[in-house]
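Please have the sequence and the 3D view ready.

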Amino acid sequence: MISTGELRKGVAIELDGDLWQILDYHHIKMGRGSAQVRITLRNIKRGQTVERSFQAGTKWPRASMERRPVQFLYRDDDDFHFMDTDTYDQFVLSAGQLDDVSKYLKDGMTLDRTSYQGETIGVELPTTVDLVVRETEPGFAGDTQTGARKPATTETGLVVTVPIFVEEGDTIRVDTRTGEYQTRV
């Protein structure tokens, strides 16, 4: 069980028969009455986000999520094919289930499969991903203004703002949490 005093961002709880992930929370103390906690929750299966208030001290069952290493095999239109690296079982997730994760997936990459009671919820990316720049404008010698940046399209279709010295064919490292350029590899 997890109580309002033990809340952390990213923790999954069971509420009203569904699986919810805590996105944010605030403790609120009114002039009268007991303290409350306002929590922003995201339904893990449906993706819907809601904000709810609870009395301080409320407890919920903590959802036990299982994580296993998987390998991304290939993309087929809106279907993404993966393989469990331990059992070699293959499974498919749709673009809707993956959401923004699909912009970072490269063939052969290893990630973590998140499942709850045997049902696959999604996959977790590593913190950074190395991607090849497929298309960007050329940087000119006169463009030396401090912090000069330009958009670049990667091999997966992700558009990243990069410094002007990055050219087509370069490999760049992108932070998967923010989608920002980190360095040229």
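Is Arg184 buried, partly exposed or exposed? Arg184 is partly exposed, with a relative accessible area of 40%. The model shown is predicted, and the values below are computed from it.

Side chains of opposite charge can pair when their charged atoms come close. Arg184 takes part in such a pair: its side chain meets that of Asp170 in a salt bridge, at 3.4 Å from N to O. The two residues are 14 residues apart and belong to distant parts of the chain. Asp170 sits in the loop between strand E14 (159-163) and strand E15 (171-175), while Arg184 lies in strand E16 (residues 181-184). Asp170 has 18% relative accessibility and therefore counts as buried, because the cut-off for buried is under 20%.

A search of the whole structure finds 12 salt bridges.

| Salt bridge | N to O distance |
|---|---|
| Arg67 and Glu124 | 2.7 Å |
| Asp170 and Arg184 | 3.4 Å |
| Lys103 and Asp100 | 3.9 Å |

Arg67 is partly exposed at 46% relative accessibility, and Glu124 is partly exposed at 32%.

Asp100 counts as partly exposed at 44%.

How values were computed:
Residues numbered from 1 in each chain as written. Predicted model: local features only at pLDDT ≥ 70, side-chain atom pairs only at ≥ 80, totals over all residues. Heavy atoms only, no water. Salt bridge = Lys/Arg side-chain N within 4 Å of Asp/Glu carboxyl O. Buried < 20%, exposed > 50% of the residue type's maximum accessible area, 1.4 Å probe, protein only. Helix = DSSP H or I, 4+ residues; strand = E, 2+ residues; numbered from the N terminus.
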